[in-house]
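The sequence and structure are shown below.

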Amino acid sequence: TAENNSLFFENTQRLSKNNRCKTFDFLNETPETFTITKYFEEFSLENYEKLTLKIKYDSSIPSSDDYMTVSFERIEKNGNPKTAVKYTLSSEQLNQIRDKGWINLQVDLKNKKVNWGNLEKINLKTVPELLKIQLHTSDKTSLSIDEVSLNGSRPYIVLQDKTKAGWNHTG
């Protein structure tokens, strides 16, 4: 969705035999905020160390007002979103990644850090089902999204108490 009457196009690109990505081309000449949403099967973040979003960002030099916010959310029964992870890339950070090809925006869930951007929130108890990207851009921009992945699963061990009782009577 867009705030005003700017145009944007979505298409699917084939990256390899079995891999496709979504590409969004935003055609605006004035500052606009675009929102991309994608629902997926819910997943728990608690047993993983890293959450990665693989993107490609192409643009002219971003203005000082440009930014991109990435959030993983769950929509509650009352319709309000509950945020599991949220981070924002500033204009300066967008400028650093523009035209670099595919990059991984990675959230270190264990240490609560991001490799690009500024981490705003992590709530590992919230099980996300929605990816939301808000892109505020002042010029023509292209954003491609390849995949979301979870890495570094932690071992899960179930321990049980075992009680053994016996009785022996002699005589």
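Which residues does threonine 69 touch, not counting residues up to four places away in sequence? In this predicted model, threonine 69 touches Lys86, Tyr87, Thr88, Lys132, Ile133 and Gln134. Threonine 69 belongs to strand 5, which covers residues 67-75. With one of the residues touched, threonine 88, there is a polar contact between side chains, at 3.1 Å. The relative accessible area of threonine 69 is 9%, under the 20% limit, and the residue is therefore classed as buried.

Glutamate 42 is located in a loop, between strand 3 (32-39) and strand 4 (50-59). When neighbours within four places in sequence are left aside, the contacts of glutamate 42 are Arg74, Val127, Pro128 and Glu129. The side chains of glutamate 42 and arginine 74 are joined by a polar contact of 2.8 Å. Valine 127 is 85 residues from glutamate 42 in sequence, yet the C-alpha to C-alpha distance between the two is 6.2 Å.

The relative accessibilities of the residues discussed are set out below.

| Residue | Relative accessibility | Class |
|---|---|---|
| Threonine 69 | 9% | buried |
| Leucine 27 | 36% | partly exposed |
| Glutamate 42 | 43% | partly exposed |

Notes. Residues are numbered from 1 along each chain as its sequence is written. This is a predicted model: local features need pLDDT of at least 70, side-chain atom pairs count only at pLDDT 80 or more; totals for chains, interfaces and linings use all residues. Side-chain values use heavy atoms; hydrogens and water are left out. Buried means under 20% relative accessible area, exposed over 50%, partly exposed in between (1.4 Å probe, protein chains only). Helices (H or I, at least four residues) and strands (E, at least two) are DSSP runs, numbered from the N terminus. Contact means heavy atoms within 4.5 Å. A polar contact is a pair of N or O atoms within 3.5 Å; within protein, one must be able to donate a hydrogen and the other to accept it, and residues adjacent in sequence count only if both atoms are side-chain atoms.
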